[in-house]
Amino acid sequence: MPLPLHSDPIVAIATAPGRAGVGIVRLSGKSLAPVIEALCGRPLRAREATYLAFRDRDGSAIDHGLALHFPAPHSYTGEDVLELQAHGGPVVLQLLLARVLAAGAEPDPATGQARLPALRVARPGEFTERAFLSDRIDLAQAEAIADLIDASTAAAARSASRSLAGEFSREIHALRDALIHLRMLVEATLDFPEEEIDFLRQADAHGQLARLQQTLARVMLRTRQGALLREGIKVVIAGQPNAGKSSLLNALAGAELAIVTPVPGTTRDKIVQTIQVEGVPLHVIDTAGLRESADEVERIGIARAWAEIEGADAVLFLHDLTCAETAKYIADDEDIARVLATKLPKHIPVVEVWNKLDAAPASAPRRGVLLSAKTGAGLDALRRTLLDIAGWQSAPEGVYIARERHVQALRRVDEHLVQAVAHLGRAARALDLLAEELRLAQNALGEITGEFTSDDLLGVIFSQFCIGK
């Protein structure tokens, strides 16, 4: 049941702040006819765009535009929805929003009571939340709406569109149906122990469970790929001053983002740039050169560099091939390597990258990833290495967008199915435990689509949406 808060009629500017050709004010509630009459001067035909004047209280026109009425339940939220499409100036839209709120509080000439006394400005994501609560979409589809809006790459946008169309949800529902069938077999065996029929053996429960695990593995792989398209990975470039960190960032980004000079310590603060490789966002961070420094500003930059390194998904430890045989340079590199080994968790990969291949002496070491940020040689190999670290497989067309919470939920499903296999092997002695593991696996799947989801989680998810969506 929706909370009382969800019964209030709501209104918001549904388009982004700023100037544009068109701006939209959107309303949703149980009955919007009084406000439609006040703003438009007459009733509207269902799902038909009508050009008219949006009226102020004194009858003057605030603006002229299109009004569309979507009567319940055939609307985005499942309630009555009204969209007013006006010119996209911020002042115009604010005037229109204020007029709608005032119209809700004004007395209806026919009844003398306020038209919509509880009309209020919508919270972030509240329109989509109502669509979810009205069963217009499930939770995975609701999240896909925000992901489509926020997509930073074309591949992420296409994948979000597939999730919004229900491809991801259909995969989850298919897994759920298979689990329910297995649970039915187990419950039948538990409910009729006196029967000589072994439901589980005759129904090939072992085979069904094995096929379910295989299907789950395929879904998990595509979900991890979808999460990568949405989240990307954080890559920090680290190393001594003048190793070419800023040049490498510029080369990867294809733009002069960072200042490059022969003077050590040029970079004092982090520079962040998101690039895409095969549609995967890589959040590349250039940091201050790691060394002992008496300069207070540079020391602050170095401290921030270490903070970024500790929060990275991958670290590119950049070396200068032209200095690779210098004793002091080698010693300083070894010092950095020891600190990296101490500060970084074991699961964060450190990629040894050797820069300035174009100017390196023939005797310089040839190991790790060799490249020249100046000429671009070796950059493709580095990009491929980063994709491998991320776990990306080149099959974006079959991927739907996903979030880390989806990945974690599917991992829990997998863990419960592993336990279920173990209990199934012990037959009748562990049927209760088998039934419980299958139930927990189904609940974990339900968390993805919103069948088993706490109100707290819903609040977190929808609060991240933009207002008006």
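**View 1. Helices α8 and α13 pack against each other.** Helix α8 (residues 205-231) meets helix α13 (residues 404-425) at an angle of about 165 degrees, and their axes lie 9 Å apart. That angle makes α8 roughly antiparallel to α13 (under 35 degrees counts as roughly parallel, over 145 as roughly antiparallel, 65 to 115 as roughly perpendicular and the rest as oblique). Axes are lines fitted to C-alpha atoms, for helices over the stretch in contact, and angles run from 0 to 180 degrees between N-to-C directions. Helices (H or I, at least four residues) and strands (E, at least two) are DSSP runs, numbered from the N terminus. The α8/α13 crossing is left-handed (the near helix is turned anticlockwise from the far one by less than a right angle; clockwise would be right-handed). By class, the contact of α8 with α13 has 15 nonpolar, five polar and five charged residues. Nonpolar covers Ala, Val, Leu, Ile, Met, Phe, Trp, Tyr, Cys and Pro; charged covers Asp, Glu, Lys and Arg; the others, Gly among them, are polar.

The model is predicted: local features need pLDDT of at least 70, side-chain atom pairs count only at pLDDT 80 or more, and totals for chains, interfaces and linings use all residues. Residues are numbered from 1 along each chain as its sequence is written, and side-chain values use heavy atoms, with hydrogens and water left out.

**View 2. Six strands form an open, mixed sheet.** The strand order is β8-β9-β7-β10-β11-β12. Strands β8 (271-277) and β12 (369-370) stand at the edges; each has a single partner strand, so one side of each lacks a neighbour in the sheet. Helix α10 (residues 296-310) packs on the sheet and touches β7 (233-239), β9 (280-286) and β10. The direction of α10 makes about 140 degrees with that of β7. Helix α11 (residues 327-343) lies across β7, β10 and β11, and runs at about 170 degrees to β10. Contact means heavy atoms within 4.5 Å.

**View 3. Strands β8 and β9 form a hairpin**. The two strands pair in the antiparallel sense over seven bridges (pairing requires that DSSP finds at least two bridges). Val277 has Val280 in β9 as its bridge partner. Two residues separate the strands, and Glu278 in the turn has a positive phi of about 55 degrees.

**View 4. Strands β10 and β11 run parallel**. Six bridges join β10 (residues 314-320) to β11 (residues 350-355). His319 has Trp354 in β11 as its bridge partner. Asn355 also sits in β11. At 3% relative accessibility, Asn355 counts as buried (buried is under 20% relative accessible area, exposed over 50%, partly exposed in between, with a 1.4 Å probe and protein chains only). Beyond four places in sequence, Asn355 touches residues including Ala243, Gly244, His319, Asp320 and Ser372.

**View 5. Helix α1 is mostly covered**. Six of the eight residues in α1 (residues 33-40) are buried. They are Pro34, Val35, Ile36, Ala38, Leu39 and Cys40. Their cover includes β2, β3 (50-55), β4 (61-70), β5 (80-88) and α2 (90-105). Just after α1, Gly41 takes a positive phi of about 85 degrees.

**View 6. Gly29 lies in strand β2 (residues 20-29)**. Gly29 counts as buried, at 0% relative accessibility. Its C-alpha atom is separated by 6.4 Å from that of Ile10, 19 residues apart along the chain. Not counting residues up to four places away in sequence, Gly29 touches Pro9, Glu79 and Asp80.
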